[in-house]
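Student: I have a structure open and would like to learn how to read it. Please take the features in turn, with the general idea before the case.

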Amino acid sequence: MELELLSPAGNMEKLKTAVHFGANAVYFSGKTFGLRAFAGNFGDEEIAQAVDYCHKHNVKTYVTVNIVAHEKDFVGLKEYLELLDASKVDAIIVSDLGIIGFAKKYAPRLDIHVSTQANVTNKYTAKMYADLGAKRIVLARELSLNEIKAIRDYLGNSVELEAFVHGAMCISYSGRCLLSNFLAGRSSNHGECVQACRWGYEISAKGGKGEMYPIEQDERGTYILNSKDLNMVEYIKDLAEAGVTSFKIEGRMKTAYYVATVVNAYRRAIDLYLKGEPITDEIKNELNKASNRGYSTGLYFANDEKSVCLETSTQKQTFDFVAVVLSSDGEYVTIEQRNRFKVGDELEVLSPDDNFNKIIKISSMKNEKGEEILDAKNVQEIIKIKCPLKLNYGDILRKIRVE
């Protein structure tokens, strides 16, 4: 089986970014039935546009229909599935057996991918889903590589296996969490999670006067439920040999810059693996340039005591996204500004081609009126910068972050 790099796409900009940087497939949600209600998502017409754009670039599209469904959630579901079918979506990602039944009845052309929310943690459950007609199973994040291999050996090639390789980890079992419901009245199982696991916490004495006492790991406090991010870029070979064929990046709520950076790194890592070459330090270091809470390998190598970040829930990154390339003529590059930069600054190129990590020193730039400017400080201003590199639409310019 071929290996697939699967990227999140929270909106059309992120979808196009994922395609540009080498994703083989993208996953996204419509306005309903998905688990990221605040990601922007796609309206009915946008779904058809997204599918058309991806298929023109030989990229597959998977739509999440993975809520934990109550009776009221089936209102409008038949029509929605028929819409996805008519839009030529490649597959739907589902956790609820009732929704799987609806899909098989009303949109039988759609492939079914069983969501990680279904908590598939053993070969017998995987076989049951395969017997129900699932084409792919998105494995629970609680599995070790040895457990994944046992599932693959038991199933043979009757069903594809997908696993998360990068991004935020949920503190609860495969994302089935009620903490957000209780503390904020927003259901994580309907896509409205407030990420209460990232908060700092205090304790109070039972029967006391209500005084709150901080739980302190050190002077910064502690974040006892806050997990580090998953990062498996160094272990593509291990995952592939365990039987994983789709490598999934988490992050529909993340920025287009995050998508570009992470997809670019994993595209290069997978391509090196396929050529039998080792991963480079450049690719390993690349992932620090995107936002993260520190990294771990999750549970792939059994329980990892370093998987919880006790110091802070604040994300860090070493570079800032300053511009996206619109066009290039070999002398000037036209860009859309995203963050401030000035003449004299050195910008690094993020690109899927050989311009990756090349440096441009800004010596001259002009605004839309053709006037020379020294400071690009107006958000989303269209600017021309002198640049000897032939960059492509969708390439990104970034600048090292000064704390």
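Tutor: Begin with aromatic residues: Phe-74, Phe-102 and Tyr-106 form one aromatic cluster. Keep in mind that this is a predicted model, where local features need pLDDT of at least 70, side-chain atom pairs count only at pLDDT 80 or more, and totals for chains, interfaces and linings use all residues. Residues are numbered from 1 along each chain as its sequence is written, and side-chain values use heavy atoms, with hydrogens and water left out.

Student: How many aromatic pairs are there by the rule?

Tutor: Rings of Phe, Tyr and Trp (its six-membered ring) pair if their centres lie within 6.5 Å; planes under 30 degrees apart count as stacked, over 60 as edge-to-face and the rest as tilted. By this rule there are 6 aromatic pairs. One of them is tilted: Phe-28 and Phe-42, at 4.5 Å centre to centre with 45° between the planes.

Student: Which parts of the chain does the pair of Phe-28 and Phe-42 tie together?

Tutor: Helices (H or I, at least four residues) and strands (E, at least two) are DSSP runs, numbered from the N terminus. Phe-28 is in strand E2 (residues 25-29) and Phe-42 is in the loop between E2 and helix H2 (44-56), so the pair ties together parts that are 14 residues apart in sequence.

Student: Are Phe-28 and Phe-42 buried or exposed?

Tutor: Buried means under 20% relative accessible area, exposed over 50%, partly exposed in between (1.4 Å probe, protein chains only). Both Phe-28 and Phe-42 are buried.

Student: Why does the pair of Tyr-257 and Phe-321 count as stacked?

Tutor: Their ring centres are 5.7 Å apart and their planes are at 15°, so the pair is stacked. Tyr-257 belongs to helix H9 (residues 256-274) and Phe-321 to strand E13 (residues 319-328), 64 residues apart, so this pair links distant parts of the chain. Tyr-257 is buried, at a relative accessible area of 3%, and Phe-321 is buried at 12%.

Student: Where does the charged end of Arg-141 sit?

Tutor: A charge sits over a ring if NZ of Lys or CZ of Arg is within 6 Å of the ring centre and within 35 degrees of the ring normal. The charged end of Arg-141 is over the ring of Phe-164, 3.7 Å from its centre. Likewise, the charged end of Lys-289 is over the ring of Phe-319, 4.8 Å from its centre.

Student: What is the order of strands in the open sheet?

Tutor: Two strands pair if DSSP finds at least two bridges between them. The open sheet has 7 strands in the order E17-E16-E21-E13-E14-E20-E18, with antiparallel pairing. Strands E17 (359-361) and E18 (365-366) stand at the edges, each with a single partner strand, so one side of each is left without a neighbour in the sheet. Inside the sheet order, 3 bridges join E16 (residues 346-350) to E21 (residues 396-400), and Leu-350 has Ile-396 as its bridge partner in E21.

Student: What does the side chain of Gln-337 reach?

Tutor: A polar contact is a pair of N or O atoms within 3.5 Å; within protein, one must be able to donate a hydrogen and the other to accept it, and residues adjacent in sequence count only if both atoms are side-chain atoms. Gln-337 lies in strand E14 (residues 332-337) and is buried, with a relative accessible area of 1%. Its side chain reaches the backbone oxygen of Asn-339 at 3.3 Å. The backbone oxygen of Ala-376 lies 3.3 Å from a polar atom of the Gln-337 side chain.
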